[in-house]
Amino acid sequence: MTDLNSTPLTLAPGRGDEFRERSARRAPDSRDSDRRQLEATPVSLRRIGALFAPHKATLAVVVLLIVASSVVGLAQPFLVRHVIDVALPDRDVSLLVWCVAGMVGVAVLAAALGIFQTLLSTRIGQQVMHRLRSDLFAHLQRQSVDFFTRTRGGEVQSRMVNDIGSMQGVVTSTATSIAANVTVVIGTVVAMLALNWRLALISLVVLPPAVITTRQVARLRYAVTAARQRKLADLHAQVEEGLSVSGILLSKTLGAAPTLSRRFEQTSHDLVGLEIRSQLAGRWRMATMQVVFAAVPAALYLAAGLPVTRGGMTIGTLVAFVALQGSLFRPLMGLLNVGVDITASMALFSRIFEFMDLPVEIDDPAVPVRLDHVRGEVRFDHVGFGYDKDRPVLHDIDLTVPAGTSLALVGATGSGKTTLAGLVARLHDPDTGGVRLDGVDLRDLTLADLASAVGVVTQETYLLHASVRDNLRHARPDASDAEIEAAARAARIHDLIVGLPDGYDTLVGSRGHRFSGGEQQRLAIARTLLRNPRVLVLDEATSALDNTTEREVQAALDELARGRTTITIAHRLSTVRDADQIAVLDHGRVVELGSHEELLLAGGRYADLVRGGLAQTAAA
Ligand code: ADP
């Protein structure tokens, strides 16, 4: 493409080309998905404008720079004309040197202005992006766990990283390419008229059809490429389905191999035709442009020679004019494609705003109640809850856990233990009734107060990619090294940590030390000890620890639980037996409540559980 337009006299070398190529490279289906996104969640220009409002002054400078570099560039054809019509025929060397120096100077100046403009617009783009990225991160952190469970895996990360990442490119280049193209077109037309109005009129008649034809061909090519891309994706999917371990297992056990091979052959065959068409369409596009780039100057040379249109034109004017009109083509094409670019930019904003507008389901109260001293009494006051409002998971749960006592939750899988325990940490809010801490509804406490009053230890421990010390300090940033060590000691993990190559400074994670499941759990316990909450929610579920590890973890948990109110999703008989109260859940209802002895004596559901599942777990 560039080779066709690389006459030495080409002016204002196609700004925004890079961007047009980038948008052409976007996945073909993305245009449709951009449109769908915008239909589903429209964006107002005012809101986008507000993001850029703090940068108004810099934006004005950017626009000025664009206009200035276009105007400076337009001096070029007049210098050319002067060289050809005056300096060369008169053999005026000093004039020639001045003109040539002027040509180089103009190019250098336009380039310098361009660099400065790129610096400013990139800076604006990056600053807007930084603001959005940080706001979105903070906003998403406030979303409930349910939101993350509901949202397709990778979607949140993709919006955070990819959408905001492409924004700087898309938005600033769309905006600057529009501004640049408009100024170049206007400036060039003015200069053309100034050089020779007859030729200018001819150009304006010849150019639009040429540009439009080129564009039609480009569109055709786009459609073919999109079809090819889709087919190619089919092919990849079939390779994945047919040649991965699980895919081949399925295909072998179902005897589907012949069908899969036939399907693959068909897709591959379809691809052949599409590849050929797509290659050809590309060639067509090049060919059209080649012809256009030859035909328009040809028409101008013809006009320059015909007595009707000649009108006393000099050769210098003609040469300068031909070069000038060449620089009109790309900006015109760019302006015709502006719709697609704008849609892409708006769709990006729409995707980001959609997340920004998510209501915060679990938030701080307007007027929080402060608990000066947390005793740790937890009360479930006729609590009802469902993930789906039409399908309640918990019904009328009415339980009191006096401060410093323990409650063990037992029941079949799916009976609602995890959900009930989660309510205490406000992972969800009840639909009816309320959960109270020392008589105060959890919704009346600030999230920070709640987090320092209630600690949660589950089987799944998330460790940050940081040192062991920082992982522990994450729980309480102001903890001293001595406090961190004391917590690790109490959680039975200190000896292991000091045995590591870098002790507490050992890096955790894929590039550092990998802790086993039991060790991770003890780190989690150490974290919770550092926070020193009055109320503990423990999840013993899906314990896959060996006997020794389990004993160590249990010892650490016992240490943690001492003197605190604990609500445990219990799987071990020992935990249940020692609990002050046991609540047996069945389909979201408390069906039995009492101590181990009382419930065994009653000979109901709990007694069955102990004889069955619980006993097995305990024996393990
Ligand atoms: P348990 O801990 O006793 O196994 P849960 O509290 O995990 O029980 O689950 C209780 C019920 O809620 C089950 O029917 C389960 O399918 C449903 N459930 C759990 N989590 C979700 C969720 N995030 N979205 C929708 N339903 C859920």
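Here are some questions and answers on how the labels for this predicted model are reached.

Because the model is predicted, local features need pLDDT of at least 70 and side-chain atom pairs count only at pLDDT 80 or more, while totals for chains, interfaces and linings use all residues. Residues are numbered from 1 along each chain as its sequence is written, and side-chain values use heavy atoms, with hydrogens and water left out.

Q: What makes strand 6 and strand 7 a pair?
A: Pairing asks for at least two bridges found by DSSP between two strands, where a strand is a DSSP run of E with at least two residues, and a helix one of H or I with at least four, both numbered from the N terminus. Strand 6 and strand 7 (residues 535-539) have four bridges and run parallel, so they count as a pair. Val 456 is bridged to Val 537, and Val 454 stands opposite Val 535.

Q: How do you know that strand 7 pairs with strand 8 as well?
A: Five bridges in the parallel sense link strand 7 and strand 8, which meets the cut-off of the definition. Asp 539 has Ile 569 in strand 8 as its bridge partner.

Q: Why are strand 6 and strand 10 called edges?
A: The open six-stranded sheet, with mixed pairing, has the order 6-7-8-3-9-10. Strand 6 (454-457) and strand 10 (589-594) each have a single partner strand, so one side of each lacks a neighbour in the sheet. On average, neighbouring strands here are turned by 20° against each other, direction ignored.

Q: How do you know that helix 20 packs on the sheet?
A: Contact means heavy atoms within 4.5 Å, and helix 20 (residues 517-531) touches strand 6 and strand 7. Its direction makes about 175° with that of strand 6; axes are lines fitted to C-alpha atoms, for helices over the stretch in contact, with angles from 0 to 180 degrees between N-to-C directions. Helix 21 (residues 547-561) lies across strand 6, strand 7 and strand 8 (565-569), at about 160° to strand 7.

Q: What makes strand 7 largely enclosed?
A: Buried means under 20% relative accessible area, exposed over 50%, and partly exposed in between (1.4 Å probe, protein chains only). Five of the five residues of strand 7 are buried, so the rest of the structure largely encloses this strand. Val 535, Val 537 and Asp 539 are on one side, Leu 536 and Leu 538 on the other.

Q: Why is Phe 264 called partly exposed?
A: Phe 264, in helix 11 (residues 257-305), has a relative accessible area of 33%, so it falls between the two limits. Phe 264 also belongs to a nonpolar surface patch of about 560 Å², together with Val 239, Leu 243, Val 245, Ile 248 and Leu 249. Helix 10 gives the largest share of that patch, three residues.

Q: What makes strand 4 and strand 5 a pair?
A: Two bridges in the antiparallel sense join strand 4 (residues 432-437) and strand 5, and the definition asks for at least two. Arg 436 is bridged to Asp 441 in strand 5.

Conventions. Patch = residues over 30% accessible without salt bridge, like charges linked within 9 Å, V, L, I, M, F, W, Y side chains within 5 Å. Areas by Shrake-Rupley, 256 points an atom, 1.4 Å probe, with all protein chains shown as cover. Salt bridge = Lys/Arg side-chain N within 4 Å of Asp/Glu carboxyl O.
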